Amino acid sequence: MASSLTTESPSAPEPGPGSGSGTGTEKTFFGQPRGLATLFMTEMWERFSFYGMRALLTLYLISGGPDSSHGLQGGGLGLTLASATAIYSIYLSMVYLLAMPGGWLADRLWGPRKTVAVGAGIIMLGHLSLAVPGSGMFFVGLALVALGSGLLKANISTMVGHLYKGPNDPRRDGGFTLFYMGINIGAFFAPLVIGTVGEKYSWHLGFALAAAGMALGLIQFLIGTKHLSPESSVVPTPLSREERVAWLRKGLSWLIVAAAFYGIVGISGHFTPNWALIPLTVAGLVIPAGVLIRIKRDKDLSPGEQNKMTGYIWFFVAAAVFWMIYDQGGSTVQAFGTTKAADQIFGFGFPTSWYQSLNPVFVMALAPVIAWMWLWLNRRGKEPSTVAKFSAGLFFIGVSFFFFLIPMLMAGDGTLVSPMWLVGIYLIQTVGELCLSPVGLSVTTKMAPAKYASQMMGVWFLAVTAGDSVTGLLSIGGVNLSKTGVVGLEAALAVIAGIAVFMYRRRVKDLMGEIH
């Protein structure tokens, strides 16, 4: 597939490091360095496997349980929706939490290229474990997919940047746009293929297809690695021998303590899933808070950087609220679509896992429109500030859950509602995402203190970890997130947070300094 997207471009700009020989007749990928095709396909197949498994996850967890739908095949774990939501949320929070050690391993031990290859291999093994029946192998597989995703996610975007000759390379923005198209293409087709097979034929065959997708991505990555920048193989700040020994001892010590503790709990007969879920949830809240506090209290930061970090914490907390609601699109909203909505429209039946294809197709359709709208407003001097865009993102995610209340009330008497209500929910959430997510990425890089410039993207991902950890903690605590009262409360929280951010926009702008 990569070769069919490759063109000859004798007039292409001079390639970046590692992207070709520079003869003027090297192969390019839509005018971009040839290495972009390798990374595009790797990310596309990784997202195919990730979103395909994610589309099945909640359905598999509740299949055969008290909250299952009559139309859903058996053979799942038979959990309640509350337990399924907790597991789903904690899994997602760990994916983003593990991006930080993934970046550290690349910086200190393996380099980005090797870290991505190892991560892809672990993801593949994780999906293969999910394909083996049994709850034990399921949780092993889930842990492996989270670990591998953290390794890969933290580094593949960095490798895209290595293909270009610095931030001013005229092809750079276009290259990242193509790369992110790969993400959405993989995410769009995954539920249509993996979701259909898993939901309608065999859960474990669906998980096996996710493994096959990642295997294809890994194979083409290894074949195309020669087209990548040599910089991607460099370990920026390698560990010394003494540091390696110290880290190894520390890691083994923690592993022994954990194994001994859980061994005692298991032997005593007291072990329940909450013994694992609660510590992970707490870690998902404590670690992001600890990282922000450590950076904020760093005495090496200038007064201007201190102010920017204070302003950034506003964005971080608001983003955590956003992701807390947004990521329920794969749990609370998905379960509602499976159990309370009709599974056909205009006489055409469909697997309910297909709902997970709506967000990527909306992103591909709306992202150019919203980007054009910001430019159009900018030319007229009316483009909203960063703070206003962030506020709009929170407002829309809150509105999506207020909108969700309508079909929830309609389904109260057992009526199956139209799937178009779900389409509306995902559409509103996508608009909110496009207001907040790109702005969040941009403001993270702009407000990062110089000392932490390379770590701040990992800090942004921790907002997702914190938001999903709150969802997990609520579910473990017995809060029924599928009740109208709770959905309404979450909607109100997001809208109020959006209004608060907007009302205090001048204060936040002052803290941001020259950044607008």
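Is the crossing of α10 and α13 left-handed or right-handed? The crossing is left-handed, meaning that the near helix is turned anticlockwise from the far one by less than a right angle. The model is predicted, with local features needing pLDDT of at least 70 and side-chain atom pairs counted only at pLDDT 80 or more, while totals for chains, interfaces and linings use all residues. Residues are numbered from 1 along each chain as its sequence is written, and side-chain values use heavy atoms, without hydrogens and water.

**View A. Packing of helix α10 on helix α13.** Helix α10 covers residues 303-326 and helix α13 residues 386-410; helices are DSSP runs (H or I, at least four residues) numbered from the N terminus. Their axes lie 10 Å apart at an angle of about 25°, so the two are roughly parallel (angles under 35 degrees). From α10, the contact (heavy atoms within 4.5 Å) includes F315, A318 and F322; α13 contributes residues including F390, L394 and F401. By class, the contact has 12 nonpolar, 2 polar and no charged residues.

**View C. Helices α2 and α3.** Helix α2 (residues 81-97) packs with helix α3 (residues 99-110) at about 25°, with axes 4 Å apart. They are therefore roughly parallel to each other. V95, Y96 and L97 of α2 meet A99, M100 and P101 of α3. The residues of this contact divide into 6 nonpolar, no polar and no charged.

How values were computed
Axes are lines fitted to C-alpha atoms, for helices over the stretch in contact, and angles run from 0 to 180 degrees between N-to-C directions. Angles under 35 degrees count as roughly parallel, over 145 as roughly antiparallel, 65 to 115 as roughly perpendicular and the rest as oblique. Ala, Val, Leu, Ile, Met, Phe, Trp, Tyr, Cys and Pro count as nonpolar, Asp, Glu, Lys and Arg as charged, and the others, Gly among them, as polar.
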